[in-house]
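Q: Please take me through the labels on this structure. I want each value set against its cut-off.

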Amino acid sequence: MSQLMDSEENTPLLKDDSRSDDCQGDDYKSRWRSIRVMYFTMFLSSVGFTIVITSLWPYLQKIDSTANASFLGWVVAAYSLGQMLASPLFGLWSNYRPRREPLVCSICINVFANIYYSYVYLPSTENKIHMLMARAFVGFGAGNVAVVRSYVAGATSLKERTGAMANMSACQALGFILGPALQAGLSFIGEQGLNVKIINLQFNMYTAPALLAAGFGVINILLVVLVLREHRVDDSGRHIRSINYVSEEHVDVSQETVEDTDQIAVLTSNILFFVIMFVFAVFETISTPLSMDMFAWTRKDAILYNGLIISLIGVESIFVFIAVKMISQRAGDRPVLLGGLIIILCGFFILLPWGNQYPNIQWADLKNKTLSLETFIPTPASNSSFEPTGCPAEQTWCQYTPAIHLAQYIASDVLIGVGYPACNAMSYTLYSKVLGPKPQGMYMGWLTASGSGARTLGPVFVSQVYTILGPRWAFSLICVIVLGAIVLLGGLYHRLIAFSVRHGRIIE
């Protein structure tokens, strides 16, 4: 067993390594309190995204009848585009100033953006544009995950890193559980809900989740202000003064230059992370339209059932993170990442349509509306007494593409629910180890931007390909992309090693 393996943290999920040399000191306690605040910040960031994801499509249809599935892709992508633009900025900010400043600023943006989202139904025109803008601002505020990741990477030793990153990913998964579960619970408020006239707010199953996310943001601000402190340790766990506070003459002490970092490994890590986030963005974007088309679910059913499914995937992810911590201690980080990609490939392969059974098509609804086309006035679908279900006839592939069975859909969910969290945790861990002990704010900003770029392109890609060509083409292309990532990882496997291992400080 290598020295690196022997030094890995092997404590249970969300527990700290009590064997550290400074475990009895105030610095140690303060350091881990601050790290736990970062866990909670990541958790709330995840909740803030997933709490509305299953209701985006029905809400968009309700407020603007001109919106189609292609525009949904842009709405989902707007969040990631905002995050992509903000991540390097907040990361750079955190390299030179206390992390509290970019965190508080970003969370405030997030709070106000969620409130904006709750009022996008008010304008008389262009409601879909207002929704797109609101989601973009929510994403801009979520650019603080670069600060969170860089803080945890800088505040943990090499032996603590894998466990801390797995814990952070577990908190992210908990957010994925709670977000859709809250949305599913709030769906019982209904589309009409309550009209709060004093603030001109329609409180319903679409606006309530965003307002709840805004409330979580306020709690997050209080924790950052009152609990978070600056801490930084080297790969061996020795405390060093934070670069955010030391003068320039101390910045370069015991710090390797940027040229010492393996830039090929950095680029490879960013590409792999891009693919991981791309395929998951495709998965979460297409779940609601796919289930409504294939299983003839209503909008309310799609929100409820997909919310429950995503919540169960989140529960599954918690067990995956526990397993990842144990497996990576014995086998290393790279094999876990490779295995996760293979499982994701299997998940999308299973989702390919097959057989001779076809989805229900809305032919009857078209016939019933034929006589009234001349006097038809566009109104929100939810205002009609009858909601059409099934695969829309304007999607011509519905007529010749076999249906995806519910068993396929659930099996794919289970496999992706195993592969994605494993890849997610290991990609963060490997990247932070490749970078070494230098301040990682800017680098983590680029990693987050890479993931956000994937979450921007993924929804646009799948909404266009799915709408025009159908699920067979969409999921086949995803399989090709994942296969390419597996080949890339195999080809550069030997480069993805820890900074300290590459420089001979720790023998692998």
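Q: Why is asparagine 220 called buried?
A: Its relative accessibility is 4%. Buried means under 20% relative accessible area, exposed over 50%, partly exposed in between (1.4 Å probe, protein chains only). Asparagine 220 is therefore buried.

This is a predicted model: local features need pLDDT of at least 70, side-chain atom pairs count only at pLDDT 80 or more, and totals for chains, interfaces and linings use all residues. Residues are numbered from 1 along each chain as its sequence is written, and side-chain values use heavy atoms, with hydrogens and water left out.

Q: What does asparagine 220 touch, not counting residues up to four places away in sequence?
A: Thr41, Leu44 and Ile107. A contact means heavy atoms within 4.5 Å.

Q: Where does asparagine 220 lie?
A: In helix 9. Helices are DSSP runs of H or I with at least four residues, strands are runs of E with at least two, and both are numbered from the N terminus.

Q: Why is leucine 226 called exposed?
A: Leucine 226 has a relative accessible area of 61%, so it passes the exposed cut-off. Its place is also in helix 9, residues 207-226.

Q: How much of the protein chain counts as buried?
A: Of its 508 residues, 59%.

Q: How many helices and strands are in the protein chain?
A: The protein chain has 18 helices and two strands.

Q: Among contacts between residues at least 6 apart in sequence, what share joins residues at least 24 apart?
A: In the protein chain, 83%.
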